Amino acid sequence: MKSNPQSKSQSRPQRSAPRGATRAMTHPLLATTMLAFAGLPALADDAALQKEAAGHFKPIPSMVPAVKDNAVTRDKVELGKMLFFDPRLSASQLISCNTCHNLSMGGDDNLETSIGHGWAKGPRNAPTVLNAVFNIAQFWDGRAGDLKTQAKGPIQAGVEMNNTPKVVEETLKSIPDYVARFKAAFPNEAEPVTFDNLARAIEAFEATLITPGSRFDQFLEGKLDALDATEKTGLKLFMDKGCVACHSGVNVGGEAYYPFGVVEKPGADILPANDRGRFEVTKTADADYVFRAGPLRNIALSAPYFHSGKVWDLKQAVAIMATSQLGAKLSDKEIEAITAFLGTLTGEQPRVELPILPVSTDRTPLPK
Ligand code: HEC
Ligand code: HEC
């Protein structure tokens, strides 16, 4: 409820109601009838809708999920949080994970494509780190199997943090408080300050970045009035039109790979020819322009859209998906309803207390 209080009140007054129905605006049955008048199909029974949805989607759990081969302990999470916010992981000592995955802004940077070391513009849009722990694999092309593998990428990428594992380890070892924290987070290890353990700590912190309690999840859990009539219509359309074939499960996507343009390939303005997606990972022809179906949790917070970041308006992204993935032309009303539904996927944002980072010493490598 509190995650997106506006969408509820906004959707009502705009609808053109037939004369005489205005008085009964708040009555749910009449509101349904009015939807039919407005050119949308009448809603099925709410309980049936809830049941159908529960067959496709799962709520975000309220507890931090377990991570494979990496116990999520308090010491590790705290260390991972510090590392996530520490710009000294980058060569310039200016760019942290939080620069591009801003936890005050939905876990991404809201740029077309990210800006990294030396103001270099990267090739892809930054996905959110929120709920990333539930994705089948990381990156738009799934090239990192898990979050600990993923975390090593940006630190070394020239257009991101442009650093090396060696310099990162030197930096961490030069700061006594970090050394103590690695010891606590990885007890029984002779040499705990390693690039691998840094990645493990970041993964443990990222596992805490989940957003339960969205209005959609409340609906899934049986609170049938958690969505308004338009949002319910949008949910129904999302399932009936076939979006759910690729966007389902706990993250409403992020589970499998599909060509962008199953039915109709979008133009090069949206799908640039030089980014062939999963082809670069598998080198097989069937992976050409294949990408992971976007996880749609908190999608209203993470414009612009698609791996190219070329689309700023969520309604336009929905329309493009309909034509490119389903060969369907949706009416404006249908697009609005689906977009309203997507707005209900915004959950409670993780409350992260800004970590105070230990100061550098005279042994800490200088910024480059
Ligand atoms: C310069 C901006 C930038 C920085 C700094 C950065 N990232 Fe990213 N991140 C991106 C971009 C862009 C992608 C998508 C790249 C791709 O798919 O090829 C990404 C992808 C990810 C993903 C995958 C999410 C998903 O849904 O697939 C995770 C997780 C992530 N980054 C975490 C981190 C962590 C942890 C750090 C710090 C060690 C970090 N990032 C630093 C820009 C950045
Ligand atoms: C055949 C599989 C498939 C179907 C059907 C499908 N999608 Fe997608 N969706 C994808 C893929 C793949 C992507 C990632 C595209 C890219 O490379 O940017 C995506 C991306 C998206 C995005 C952007 C995510 C982001 O983070 O930028 C939205 C929004 C979206 N889909 C909504 C929908 C809606 C709404 C429908 C139904 C009208 C739908 N999709 C149908 C596969 C599908």
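This is a predicted model: local features need pLDDT of at least 70, side-chain atom pairs count only at pLDDT 80 or more; totals for chains, interfaces and linings use all residues.
Where is Asp-332 found?

Residues are numbered from 1 along each chain as its sequence is written, while chains are lettered from A and ligands numbered from 1 in the order in which they are written.

Back to the opening question. Asp-332 is found in helix 14, which covers residues 332-343. By helix I mean a DSSP run of H or I with at least four residues, and by strand a DSSP run of E with at least two, numbered from the N terminus. The protein has 14 helices and 2 strands.

Is Asp-332 buried or exposed? Asp-332 is exposed because 10 other C-beta atoms lie within 10 Å. The cut-offs are these: 20 or more other C-beta atoms within 10 Å of a residue's own is buried, 12 or fewer is exposed, in between is partly exposed, and the C-beta atoms are placed from the backbone. Asp-332 and Ala-319 are 13 residues apart in sequence, and their C-alpha atoms are 8.9 Å apart in space.

The rest of helix 14 tells another story. Helix 14 is mostly covered, with 10 of its 12 residues buried; among them are Glu-334, Ile-338 and Phe-341. From first C-alpha to last, helix 14 reaches 16 Å, close to the 16 Å expected at 1.5 Å a residue. That expected span is 1.5 Å times one less than the number of residues.

Now please look at helix 11, residues 229-240. Its 12 residues should span 16 Å at 1.5 Å a residue, and its end C-alpha atoms are 16 Å apart, which agrees. Helix 11 has 10 of 12 residues buried, so it is largely enclosed by the rest of the structure. The buried residues include Glu-231, Lys-232 and Lys-236. After helix 11 comes Gly-242, with a positive phi near 110°.

On to the ligands. Which residues are closest to ligand 1? They are Cys-97, Cys-100, Gly-116, Phe-139 and Pro-154, out of 26 residues that surround ligand 1. A residue counts as near a molecule or strand if its C-beta atom, placed from the backbone, lies within 6 Å of it. Helix 5 and helix 6 each supply at least two residues of this shell, and helix 6 gives the most, with 5 residues. The shell around ligand 1 divides into 16 nonpolar, 8 polar and 2 charged residues.

An unreviewed UniProt entry has a "binding site" annotation covering Cys-97, Cys-100, His-101 and His-117. UniProt positions are given in the numbering used here, feature names are shortened, and annotations may be inferred rather than shown by experiment.

Let's visit two of those residues. Cys-97 lies in helix 5, residues 97-100, and counts as buried because it has 25 C-beta neighbours inside 10 Å. Leaving aside neighbours within four places in sequence, Cys-97 is in contact with Phe-84 and Pro-154; contact means that the two C-beta atoms, placed from the backbone, lie within 7 Å. His-101 sits in the loop between helix 5 and helix 6 (147-156). His-101 is buried because 23 other C-beta atoms lie within 10 Å.

What about ligand 2? It too is surrounded by 26 residues, the closest being Cys-243, Cys-246, Phe-291, Gly-294 and Phe-306. Helix 13 (residues 314-326) gives the most to this shell, with 6 residues. The shell around ligand 2 divides into 19 nonpolar, 6 polar and 1 charged.

The peptide bond from Ala-303 to Pro-304 is cis, with omega near -5°, and Pro-304 lies in the loop between strand 2 (290-292) and helix 13. Lys-283 is not a glycine, yet its phi is positive, near 55°. Lys-283 is found in the loop between helix 12 (279-282) and strand 2.

Finally, the whole protein: buried residues make up 44% of its 368 residues.

Terms used: Ala, Val, Leu, Ile, Met, Phe, Trp, Tyr, Cys and Pro count as nonpolar, Asp, Glu, Lys and Arg as charged, and the others, Gly among them, as polar.
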